[in-house]
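Hello,

Here is the structure I promised to pass on. Please have a look, then read my notes below.

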Amino acid sequence: MEDICFLPAHVLRERFCRREISAKEIVTVFLERIKQVEPKVRAFLTLCEEEALSQAERLDQALARGEEMGPLAGVPVALKDNLCLSGFPTTCASKILANFYPPYDATVVRRLREAGAIIVGKTNLDEFAMGSSTENSAFHPTTNPWDLSRVPGGSSGGSAAAVAAGEVPVALGSDTGGSIRQPAAFCGVVGLKPTYGRVSRYGLVAFASSLDQIGPITRCVEDCALVLQVIAGHDPRDATSIPGEIPDYRSSLASDLKGMRIGIPSEYLGEGVAPEIGAVVGEVAAKLTDLGAQVDYTSLPHTRYALPAYYLVATAEASSNLARYDGVRYGLRVPAEEAKDSMALTRKEGFGPEVKRRIMLGTYALSAGYYEAYYLKALKVRTLIKRDFDKAFAHFDCLLTPTTPTPAFRMGEKLADPLAMYFSDICTLAVNLAGLPAISVPAGKVGHLPVGVQFIAPPLREDKLFQVAYALEQVVGFPSWRPPLEVIA
Amino acid sequence: MLSRSEVEHVAALARLELSEEEKELFAQQLREIIEYVNILQELPTDDVPPLVHVVPLKNVWREDEVEEHLEVEEVLSRAPDREERFFRVSRVV
């Protein structure tokens, strides 16, 4: 059973289409695996067992009738619980949405279904995707399958842990400042943040609208390319989604990198980045050189300003987006004599500490007298950060950095110190500010913990990311890694 | 930098009721965070335009035609309180 649970999605689909295994068998095996490991991992908030089984039966019947099968036919998929799936709660791991059932599907959900994917459940996250450890969930924390005393990262920690533990081959996450890439790195799996606008955000509960992007978490690069192929593309329901054709991403998977120019921004190996992480980046650079790439150091001089600019832009947008949770149209309501008291009490009761802290910071940064000094200043610095990348991409096809400054940290370690928690995203934030695509791929281990490296490409050049990540995968061999989860059969 | 009365003012703007402990904690934590983000002030940015959005899309319009939309009943059924086809709230004025 373990064997099936750790098969890549594209192999599962192939076996299903060749009728070697039925969709119902696939779903049954994965649901069984979920039951076995969930007491330890706790990656899920909701399971859709009956729906998944009946969807599988429909697929089996369609295949028997000789219908054409989609690119994800028979593949079990988990969704981060800030993506709308009608018929099931979408909680954002918040008490304020604990009983919210969205009346529609997110565009990515519709596209997954049309491709034949089977949605098996909704995964845990930091409340409203605000956090880096999944400890900010109002319901329960998720553990790192590689070491149950450590965090899986966040905010898409449930999605990354579920994929790492063999509970699903594919999960979707959302990434505002690293929330796909950082947990993917901590859990030893692949995570992609696409170019801003590549994937429709319709049906993704908004955190910071100019930074948010949905992306896949998988155990191999080919699956990542396959899933992006399915979810990418223009959507009239998201005015920021980019029109135009989507390239065939799987055709960019190649095992040599001849002529590729890769830059390592030296700022990403400086203060705050653990020496062991720097060593892994060095090993990766050597491997890429062996594969034919030309690797050189470069500079992104405004890197140290990315974190402060990010926390002003992201919290300002969040404070505005979260104004909708007023207890009027949906979600929790704490009644009071007057409407404005009801709103303030609803928000007191419904939001957790990190969400309140960010609403406060964002409201402050936007308030009269501070707007120019904080929010406007941060937007100008955002321009400087984007220009750094533009200059680097004049010389390089992609950039190589660590994904995280350290391997997965211990549960509780950073909970009392918000700034220390924010620093765990220091390698990923600038990418969101500049709207670029970036992928995290497992590159090695520090002790028993997996470590990831990040590749960053110019806008809409996800193909470059797949090319380099796939080549690296061939020499690192991470898809065969298994976390040491002892399962009682 | 961030006094308790400022914290109360910001909380009121955000329609957020805070406990006494939260006011205390946030005053201290926000002070630390703001102190940290102040390193942005050392960058000269007078000639730098703000970047609001990375996608060069402008004025995304569509034809003004009625399209499929959610059923009113579907939407209202999620409200904490309602009356006929309206959301019902407590006294406003």
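Chain A puts 56 residues in contact with 42 residues of chain B. Keep in mind that this is a predicted model. On chain A, five elements each supply at least two residues of the side that touches chain B: helix 10 (306–321), helix 11 (339–350), helix 12 (353–366), helix 13 (371–393) and helix 14 (418–423). Helix 13 of chain A gives the most, with 10 residues. By class, this side of chain A has 33 nonpolar, 10 polar and 13 charged residues.

Next, a helix pair within chain A. The axes of helix 8 (residues 221–231) and helix 16 (residues 462–476) of chain A come within 9 Å. They cross at roughly 160°. Angles over 145 degrees count as roughly antiparallel, so helix 8 of chain A is roughly antiparallel to helix 16 of chain A. The crossing is left-handed.

Which residues of the two helices meet? Helix 8 of chain A brings Val221(A), Glu222(A), Ala225(A) and Leu228(A). Helix 16 of chain A brings Glu462(A), Phe466(A), Ala469(A), Tyr470(A) and Glu473(A). By class, that contact has 6 nonpolar, no polar and 3 charged residues.

Last, the annotation. An unreviewed UniProt entry places the feature "domain: Amidase" at residues 25–465 of chain A. Over residues 25–465, chain A is 37% helix and 14% strand. The end C-alpha atoms of that stretch are 34 Å apart.

Best wishes

Notes:
Residues are numbered from 1 along each chain as its sequence is written. Chains are lettered from A and ligands numbered from 1 in the order in which they are written. This is a predicted model: local features need pLDDT of at least 70, side-chain atom pairs count only at pLDDT 80 or more; totals for chains, interfaces and linings use all residues. Axes are lines fitted to C-alpha atoms, for helices over the stretch in contact, and angles run from 0 to 180 degrees between N-to-C directions. Helices (H or I, at least four residues) and strands (E, at least two) are DSSP runs, numbered from the N terminus. Angles under 35 degrees count as roughly parallel, over 145 as roughly antiparallel, 65 to 115 as roughly perpendicular and the rest as oblique. A crossing is left-handed if the near helix is turned anticlockwise from the far one by less than a right angle, and right-handed if clockwise. Two residues are in contact if their C-beta atoms, placed from the backbone, lie within 7 Å. Ala, Val, Leu, Ile, Met, Phe, Trp, Tyr, Cys and Pro count as nonpolar, Asp, Glu, Lys and Arg as charged, and the others, Gly among them, as polar. UniProt positions are given in the numbering used here, feature names are shortened, and annotations may be inferred rather than shown by experiment.
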